[in-house]
Amino acid sequence: MNPVVVIGAGLGGLAAAVRLAGAGREVTVVEARDVPGGCCGTASLGEYRFDTGPSVLTMPDVLADVFAAAGEDMESRLPLRRLDPYYRLRYHDGSHLDIVPGEEAMIEQVRGLCGAAEADRYRRFRTRLGELFAAEWPSFIDRDMTRLRSLVQPRVLARLAALGGFRRMNRLVEGHLTDPRLVKAHTFQALYVGLSPRQALGIYAVVAHMDTVGGVFFPRHGGMHAIPQALAAVAEKAGAQIRYGTRAVQVEAGSSGVSGVRLDTGERLAAGHVVVACDLPGAHRTGLLPEGAGDWRLRRPHHSPSCLVLHFGLDQRLAGQAHHTLHFGRDWDATFTALNAGRPQPDPNLLVTYPASDTGAAPEGHATLTVLEPTANLRGGGDWDRLTPELEDRLFGRLAALGYGDLATTPRLTFDPPAWAALGHSAGTPFALDHRFSQTAWLRPSGMARRVPGLHFAGMFTAPGVGVPPVLVSGRLAAERILETPR
């Protein structure tokens, strides 16, 4: 059987490599960086180590399934812990809501904040979220969308419509919940798909189900970067070769499809299949992909907003701080108006991550703290030489007011849109394309090149889309297509 080359050792590429190697295929993974991970990266500042990619891990069964494809048990390779609370939501009026495990415990949290009537409404809404997820996951998220007939499923579409999946996300949630704080708790996830709740379809309320009902998890050792490290180890054990510090420069193809991959070393790797699991617009722009690999869905791509991220090395530990804390600004709608216009938020919503259980990330008695502020991407045309220091200064003031102390002189790493662009993220955003209707399911860039047999894609730019579970699914779908059609 012809060998497979996977370009990119991010989560999507590794998920494909593990499955292919586990099935006995000859696999070479080519990774330009010196470590695996891609977007799920890592960085150091002195004795501090930071996760530079996703901080929210949901649906661990999807991850466990990747390990199982190579005969490995995830618990022995990558033990996880369920966070409690999953999130702490802090509102501008001083109130807060903990998103906790267990239906009854969560209902009590809602009752304490919003009253008995809203708790009853929340119970019914929680059931609706479960129904929406049950209808959507197997038919659209966990399904290969490279063919139009995969999208045309009348019974499933009718079911989703009946559940409110094709209403706007804010309308769906507000049709069940009345307390604005609880509405925010189940619509902030629209930011994950790069849209406002007024733009996102109700089907994306399943993201709220994934993290508020299914739960949020974290590796017991090594932080989020332990995930790609473990996957890479499993892939190599299964027989895959991973070549770090090596860049693929051209996928070669002839009349019968892909034939090989040229590397920056001058070498050529023969290949019957290639999985491109890196920034897709960049792959087209740099000439990595062969003629005929173009996709009409990428002619006018709409990228998600970006983010300003500050990683702090603290000389103390924070008592009572949750792993994930969301601080909401005063004007919810103004957030999305600004982001849609390519401007920073006027009163930013912040995600603060405090991975206290990752004791190896800091010296004893010390800790790390990461603050993420959604902001415009580079398509907004902002002057980031001016904007970044201005936003940093504003952020220091906001964090001090929130009780985090004066962090202006604390050792830190900063990632702004130009930094994301320097790392290879198109438009200076690590969140790829947004999930508007015209970039959803079959309408998202295809997982295979129809005019170049053997050329497949995985990662955030393809269906299902952004997030750890969807990216892992994209890798599985690419591997399954290869295994079903040996060349």
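**Exercise 1. Determine what share of the 487 residues of the protein chain counts as buried.**

Solution. Of these 487 residues, 59% are buried, where buried means under 20% relative accessible area with a 1.4 Å probe and protein chains only. The model is predicted: local features need pLDDT of at least 70, side-chain atom pairs count only at pLDDT 80 or more, and totals for chains, interfaces and linings use all residues. Residues are numbered from 1 along each chain as its sequence is written, and side-chain values use heavy atoms, with hydrogens and water left out.

**Exercise 2. Compare the radius of gyration of the protein chain with that of a compact globule.**

Solution. The globule rule, 2.2 Å times the number of residues to the power 0.38, is applied with the radius taken over C-alpha atoms. Along the principal axes, the C-alpha atoms fill a box of roughly 65 × 55 × 45 Å.

**Exercise 3. State the strand order of the open sheet of 7 strands and identify its edges.**

Solution. Strands are DSSP runs (E, at least two residues), numbered from the N terminus, and two of them pair if DSSP finds at least two bridges between them. The order is β7-β6-β15-β16-β17-β14-β18, with mixed pairing. Because β7 (96–99) and β18 (412–415) each have a single partner strand, they stand at the edges, and one side of each is left without a neighbour in the sheet.

**Exercise 4. Describe how strand β6 pairs with strand β15.**

Solution. Residues 87–90 of β6 and residues 324–327 of β15 run in the parallel sense over 3 bridges. Within this pair, R88 stands opposite T325 in β15.

Conventions:
Helices (H or I, at least four residues) and strands (E, at least two) are DSSP runs, numbered from the N terminus. Buried means under 20% relative accessible area, exposed over 50%, partly exposed in between (1.4 Å probe, protein chains only).
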